[in-house]
Amino acid sequence: MTDWLKTAVFYEIYPQSFYDTNGDGIGDLPGIIKKLDYIKDLGCNALWINPCFASPFNDAGYDVADYYTIAPRYGTNEDMRELLRQAHERGIRVLLDLVPGHTSIEHEWFKASMKSEKNEFSERYIWSGCPWERFEGVSHVIGGINGICERGTAAVNFFSTQPALNYGFANPDPKKHWQLSVDAPGAVATREAMLDVMRFWLSMGCDGFRVDMAHSLIKNDKDSVETIKLWQKFRAVMDKEFPDAVLISEWGEPDKSIPAGFHMDFLLHFGPSHYNDLFREKPFFSGKNQGGLQKFLAYYKDIRNKTGDRGMVCIPSGNHDMSRIAHKLTPHELKLAFLFLLTVPGAPFIYYGDEIGMRYLEDIPLVEGGYERTGSRTPMQWDGTLNAGFSSAPTNKLYNRLDPDKNRPTVKAQAQTQGSVLCTVRELTRLRQKNTALQNAEPIEFLTEGNAGEALVFERGSGKNKLYVAINPSLKAVKVPVLKGKSVLYAVGDGKGEVLQAQSAVVVG
Ligand code: NOJ
């Protein structure tokens, strides 16, 4: 495993909402640079920045119009170069967001590809050639739009304005001339074009990519067989040309993504992992509304067994696509949740604002294709000044609604309050960096089953270098025999002796 990953703790930044330095109401790259010291002090040494490339922003930037240019609203390519330089100066690595599965309909490739006259980009997207023809193997399509779909129907990857790039079909139907095989020249050209995009940003100094919808590239691909082979090719090029760079997939199935060559994969709110049982639907970390964690643990243990030390399984606090971790948990429960997140293996990912317990705003007006995700993408709450210190723009010009609660959490207030969620996160990242047993590639052994009403107890590390973690989110005290005689390195709530009080957690050694 790439060495720096063994101690990486990530912070995800949604650039629109992080920090605005030019008063236009939207976050920017100079804003991220200004807050690098904050990120470092939080104990994070790596960033994932959501797409910041030229785009019409129909899907918040996941609809790229030009892979090679920073969106003017965030700054310039020079600002990105400076961000990378300043981040590295502080020991912070930076992953950009690569969206290889689709572009915006405004991308030059698509504009050329939609023309009925044959050209270099005709096969860059998947066109049926006939507006009446239905597709199999792609979930939906756009077609019949004069001026956009001269060539019939195009396969879509996500929203209708995000046509799928053409990497070919796993088992092309010979009767359907438009289904390219994975090694047809058109499909290979798409792969080469995406490799060039990767090379461009890696040469500028970025440290790798979070890869959007990594599973989606090859169509009609049962069990992802061909998609896995495709990523192995991408990885081979990276290993040769940028051996220190890393890839993390939005895939949610590490048993596929890690053999495909990803260094890490997320467990997510969709897919087979039961991730939502941790902090969301009926969360294990809630006292009043606690659910069991058995299914999540069964999956997690199995997937770790299957992937071994070939790659990491990462559990994020949240991301820009799901409700916030604070939605169903109290501030105290958040501290228990972070004690878990920051003591389990895999690289932890903290979604901006989760470290102060920013709220999920329900039912706010949609911004940039966010739909219900908009409530997790609100401006970062830095302090008690205008717009929570996010921007000097008039409040009605902000990118997204600000949490209107006058008691909304802020970085400034929490930094001054001992025992706040923010201070707890800072202490826990330090604890993790100081104790090798807690770090990303060290083993974990669960000593309990994840039943509601019982403590979740696990062991980290190996040999003499072992620590124990016990977390009791329930409203009743429980007995945890393994705590007997051990010294407490860190506690949330009351963690003395063998009895773990209600809503308490400890790390002991
Ligand atoms: C996953 C991204 O995280 C999400 O925000 C986006 O809308 C879709 N992929 C489409 O790119």
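User: Which residues of H5 do Asn77, Met80, Arg81 and Leu84 in H3 meet?

Analyst: This is a predicted model, in which local features need pLDDT of at least 70, side-chain atom pairs count only at pLDDT 80 or more, and totals for chains, interfaces and linings use all residues. Residues are numbered from 1 along each chain as its sequence is written, and side-chain values use heavy atoms, with hydrogens and water left out. Contact means heavy atoms within 4.5 Å, and helices (H or I, at least four residues) and strands (E, at least two) are DSSP runs numbered from the N terminus. On the H5 side, the residues met by Asn77, Met80, Arg81 and Leu84 are Phe200, Trp201 and Met204.

User: How many nonpolar, polar and charged residues does the contact of H3 with H5 have?

Analyst: Ala, Val, Leu, Ile, Met, Phe, Trp, Tyr, Cys and Pro count as nonpolar, Asp, Glu, Lys and Arg as charged, and the others, Gly among them, as polar. Sorted this way, the contact of H3 with H5 has 5 nonpolar, 1 polar and 1 charged residues.

User: At what angle do H3 and H5 pack, and what is that arrangement called?

Analyst: Axes are lines fitted to C-alpha atoms, for helices over the stretch in contact, and angles run from 0 to 180 degrees between N-to-C directions. Helix H3 (residues 77-89) and helix H5 (residues 185-204) have axes 9 Å apart and pack at about 55 degrees. Angles under 35 degrees count as roughly parallel, over 145 as roughly antiparallel, 65 to 115 as roughly perpendicular and the rest as oblique. H3 is therefore, relative to H5, oblique.

User: Which residue of E9 stands opposite Phe209?

Analyst: E8 (residues 208-211) is joined to E5 (residues 93-98) by 3 parallel bridges, with Phe209 as the partner of Leu96. Gly208 and Arg210 point one way from E8 and Phe209 and Val211 the other, and all are buried. E8 is joined to E9 by 4 parallel bridges. In E9, the residue opposite Phe209 is Leu247.

User: How many residues apart in sequence are the parts that Asp59 and Arg373 tie together?

Analyst: A salt bridge is a side-chain nitrogen of Lys or Arg within 4 Å of a carboxyl oxygen of Asp or Glu, and Asp59 and Arg373 form one at 3.1 Å, N to O. Both residues are buried. Asp59 lies in the loop between E3 (53-54) and E4 (66-70) and Arg373 in the loop between E12 and H11 (411-415), so the separation of the tied parts is 314 residues.

User: Are Asp244 and Arg93 buried, partly exposed or exposed?

Analyst: Their side chains meet in a salt bridge of 3.6 Å, N to O. Asp244 is in the loop between H6 (225-241) and E9 (246-249) and Arg93 in E5, 151 residues apart. With relative accessible areas of 41% for Asp244 and 25% for Arg93, each is partly exposed.

User: How many of the 11 residues of helix H10 are buried?

Analyst: H10 (residues 331-341) is largely enclosed by the rest of the structure. Its buried residues include Glu333, Lys335 and Phe340.

Notes
Pairing = 2+ DSSP bridges. Buried < 20%, exposed > 50% of the residue type's maximum accessible area, 1.4 Å probe, protein only.
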